[in-house]
Amino acid sequence: MTEKLLVPDIGDFENVEVIELLVKEGQEIKKSDPVVTIESDKSSVEIPSIFSGKIESIKVKVGDKVSKGDLILSIFKSNQSPTTSQPIPKDTENLIQEAENSLEKKQKPKVEKKEKSTIQVVSEGDLDPLETNEWLESLSAVIEKDGNQRAHYLIKELINKAYMEGANIPYTQSTPYINTIPVNEEKKSNGDQNIERRIRSLIRWNAAAMVVRANKKFPELGGHIGTFASAATLYDVGMNHFWRAKNNKFGGDLIYFQGHSAPGMYARAFLEGRLNEKQLDSFRQEVNPGGLSSYPHPWLMPNFWQFPTVSMGLGPMLAIYQARYMKYLINRGLIKDEGRKVWAFLGDGEMDEPESLGAIGLAARENLDNLIFVVNCNLQRLDGPVRGNGKIIQELEGIFRGAGWNVIKVIWGSYWDPLLANDKTGHLIKTMNETVDGEYQAMKARDGAYVREKFFGKYQETIDLVSNLSDKDIWRLNRGGHDPHKVFAAYDKASKNTGSPTVVIAKTIKGYGMGKSGESVNTTHQTKKLDIDDLMYYRDRFDVPLTDKQVKNIEYYKPDQNSPEVKYIKEKRLKLGGFIPERTTYAKPIKAPPKDIFDNMKVSTGSKEMSTTMALVRMLTNLLRDKNVAPRLVPIIPDEARTFGMEGFFQKIGIYAHEGQKYEPEDSAQLSSYREDRSGQVLEEGINEAGAMSSWIAAGTSYTNHDIEMIPIYLFYSMFGFQRIGDFAWAGADSQSRGFLIGATAGRTTLAGEGLQHQDGHSHLLASTIPNCVSYDPTFHYELAVIFREGLRRMHEKKENIFYYITTMNENYPHPAIPKDKSCEEGILKGMYKIREFNKNKKTKIQFLGSGTILREMIAGAEILQNEYQIDSEVWSITSFNELRRDGLEVERFNLLNPDKEPKESYIERSLGKTEGPILAASDYMRINSDQIRPYVNKSFYSLGTDGFGRSDTRKNLRKFFEVDKEHIVTYGLSVLAKEQLIASKYAKDAIKKYKIDTNKPMPTKL
Ligand SMILES: Cc1ncc(C[n+]2csc(CCOP(=O)(O)OP(=O)(O)O)c2C)c(N)n1
Ligand SMILES: [Mg+2]
């Protein structure tokens, strides 16, 4: 039977132009196949068929204007019954099935019989201790009989009841200052503890030795001993028992190492035979090949480090978004769910960075049970205690628990277990709760006698508790993060947790084992030199088998390849699939789409006006039809899809949502309805540039972390790009991310109404500071097409480790066809090409260099000059001042270093060398943007730009204010020619008068 396909509800738009017919009469199509593309003045969107069948007749043609309810085509419907939901891709279906099968069946938890113990709480403010005790005994009985879950349930019900009865319950997120995992639930490691301790000692020694040796040779090099000294056990347990490497059978766990603990990772790699002594001796000396970088830097050690973490606060966010991205790939059916984990090691001081905690809500919301944070709470940062007057562990527990994380505190080591078991009155826990971090730190800088006095001495009950312990015994009472048993148990639980991310909060001692020189003292962080006595102490503290002479020489200790230690360490790693960290890539390239996919961007739009942002979105819609590129595109937007006209993507490729869509969206009847989907492709990040950038980095490094090349394209307001997330961009560059950053609604005068904080006049300058960022400021749609395709080719086909920053604007104007000149494409990519020549008068000439939308002002100015002042000109489209400068710099350097050779010509010289007249350059950015190329021009050079604060107004007024409109271009052009003595100054004066230019107006930078 014949059905009619009508224009669906397209929201607020009417009379929208048909810009493409995607089907032909007689063609068989399936339900959901796109049939036409329509375009409003803001966005373009494909209309999908709601029937399967053969097209009988098409009722619209390109250029027609359509509205809701108009007939598009009629179709002879096949019998295939329409389905209401999108079919799930095969891979995804299998994955979901697998995941569901692997879900543990919910069972009533088995209750282990354990020794009866009554919970003890000591509180001075207790009105009726007997009554309290009865309640506590009841609770203990419940725990004993029905387990923790039941106890939790009852407590929750009690709180709810009290709340309903009007009691204002003070809510507390933190638990007593003891380990989360009770002793009887600790999973025991099957490792050989003696040999693991010896290995750990050697790693500790070698890590410290490499820092001390480097600083002995070159004191300026610096380095850190204290961080790794506090974290060695946390790393070793992971390395020996938990972290699975990438190999041909498994994708590998991803470990974000704390930046300052890098020496420990090198020291382990040395024992594993991956690094040699010479390399350790080149720690922090990277200029000559073979040096080891100060911190984890994939750019400098591309086969070793995976994640740059040393700029504190980036690691936590990057890890969260990495874990989320991993789930995204799984849910889209692009990688298998192998139970891989993301581990991030963080400092307790680092947790003060707003970014560190900034995304923990997302981690819980997205149920990232593939994510484990380990916060090394050595209680100190660089200058002093993290929370001298409080307790960082308790604070973090509250924050993470409140956000929905699974929290595992590892506070006390095994030596404390008997004491806690004997704490029948609860005074030990009370003391633990009451003691603040400043005291805990001070105690570990002293000795056992001091701890007895200051800690146990607070109550008679605690004095009694340790009365049979010597001061030495008290000193040996260890912290959880230094106890491999406790750490193992915590990691084991963390790895098995489902449904939420886990944070392991481990208490350690900064500079553990460094003795007087640096253990738990405020200066620990910066200790990089140890004198002989300190080294001897360190050796003895960890039983490192070195002679005094070897210690004096600060020799490394490397056991023989056949020693039990080396065999053990290698065996453990072999069992876990290989070495960590290691950075490899086996991703296949993505073939760049054929040039013709961009053909519609190379013809003139005639009188039709559009913005480059819209042209870009159109281009992406085209790319989504390329079978190689389409599945790999990762569009990322921080709540700006509608601003950029991208709402058509919601229906077409869906918004990623791990829970799918549990509600019928308000706009469900509309073509661009807000569609969330478990296998959705768009990452809609909310108002969260840092998160969006972290997603971009995760996707841009997918080729190495997941062995699949992906094409992230992150669109943002250009002002909220580099300026907002500059440090992430730098980390993305270090990570060798590949992908596109799109600074949309760009320009100081082009984004008219938004005003000072929105109007961008410098993002290109910020982009230029990143060496592997290639940036462009195109004006016309064909320029954008040429640049984008080349980006796809260079990054994703040829695998160059660069990324692209392209600005697009929201000003609508007609776009011409690409010039016929064959060298035009080369020029677009190099940074400049001649777009217009005005030579009617054959007298005086000026060269105009224009960029972005200001190029159009220049073309208009050049026309006025020719027609009204008989001045000829050549107008050059500058697609990238940044790229031109890079080329100029390189050529100049070559020429200076090769004085005897024929000098090379920069691209700028090649383009402008033979032209006549002075140069006037302008862009919608600060003058320094175009000034960048001044040294390579060898001609009189002047520039205009938008220096100063933006403000809201019309584009016309803004351009007048910043003096980049066509009238100012004409006037300044005449003035430049007068200054160069090519014309009389009266023409410039006339123009000033004619255009009512106020010569007394202060510089816009002062307004
Ligand atoms: C963004 C940033 N700011 C400052 C620093 C300098 N810095 C390096 S380590 C450090 C203290 C780190 O303390 P913490 O996070 O507790 O780590 P720990 O060494 O104690 O494990 C500081 C301030 C940095 N690396 N990054
Ligand atoms: Mg610290």
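1. Helices in this note are DSSP runs of H or I with at least four residues, strands are runs of E with at least two, and both are numbered from the N terminus. On that basis, A490 belongs to helix α18 (residues 484-496). The model is predicted: local features need pLDDT of at least 70, side-chain atom pairs count only at pLDDT 80 or more, and totals for chains, interfaces and linings use all residues. Residues are numbered from 1 along each chain as its sequence is written, chains are lettered from A and ligands numbered from 1 in the order in which they are written, and side-chain values use heavy atoms, with hydrogens and water left out.

2. A490 has a relative accessible area of 1% and is buried. The term buried means under 20% relative accessible area, exposed means over 50%, and partly exposed lies in between (1.4 Å probe, protein chains only). Not counting residues up to four places away in sequence, A490 touches I181, I408, V410 and V504, where contact means heavy atoms within 4.5 Å. A490 and V503 are 13 residues apart along the chain, and their C-alpha atoms are separated by 9.7 Å.

3. Ligand 1 has 18 residues around it, of which T227, D348, G349, E350 and K510 come nearest; a residue counts as near a molecule or strand if one of its heavy atoms lies within 4 Å of it. Polar contacts are pairs of N or O atoms within 3.5 Å; within protein, one must be able to donate a hydrogen and the other to accept it, and residues adjacent in sequence count only if both atoms are side-chain atoms. An N or O atom in the side chain of D348 is 2.8 Å from an oxygen atom of ligand 1. A polar side-chain atom of Q258 lies 2.9 Å from an oxygen atom of this ligand, and a polar backbone atom of Q380 is 2.9 Å from an oxygen atom of ligand 1.

4. N370 is found in the loop between α10 (360-365) and β11. Its relative accessibility is 6%, and N370 counts as buried. A polar atom of the N370 side chain lies 3.0 Å from the backbone oxygen of A323. With neighbours within four places in sequence left aside, the contacts of N370 are A323, M326, K327, R340, K341 and V342.

5. In helix α19 (residues 532-541), the residues D534, L535, M536, Y538 and R539 are buried. The buried residues of α19 pack against α4 (193-217), α5 (226-242) and α20 (548-552). The N-terminal end of α19 is capped by D531, with a side-chain oxygen 3.2 Å from the backbone nitrogen of D533. After α19 comes D543, whose phi is positive, near 50°.

6. Four strands form an open sheet in the order β5-β4-β2-β7, with antiparallel pairing. β5 (44-48) and β7 (65-66) stand at the edges, each with a single partner strand, so one side of each is left without a neighbour in the sheet. Two strands pair if DSSP finds at least two bridges between them. Strand β4 (residues 34-39) is joined to β5 by five bridges, and T37 stands opposite E46 in β5.

7. Strand β15 (residues 633-637) is mostly covered, with five of its five residues buried. L633, P635 and I637 are on one side, with V634 and I636 on the other. β15 pairs in the parallel sense with strand β19 (residues 711-717) over four bridges, and P635 stands opposite I713 in β19. Two bridges join β15 to strand β18 (residues 683-684), also in parallel, with I636 opposite L683 in β18.
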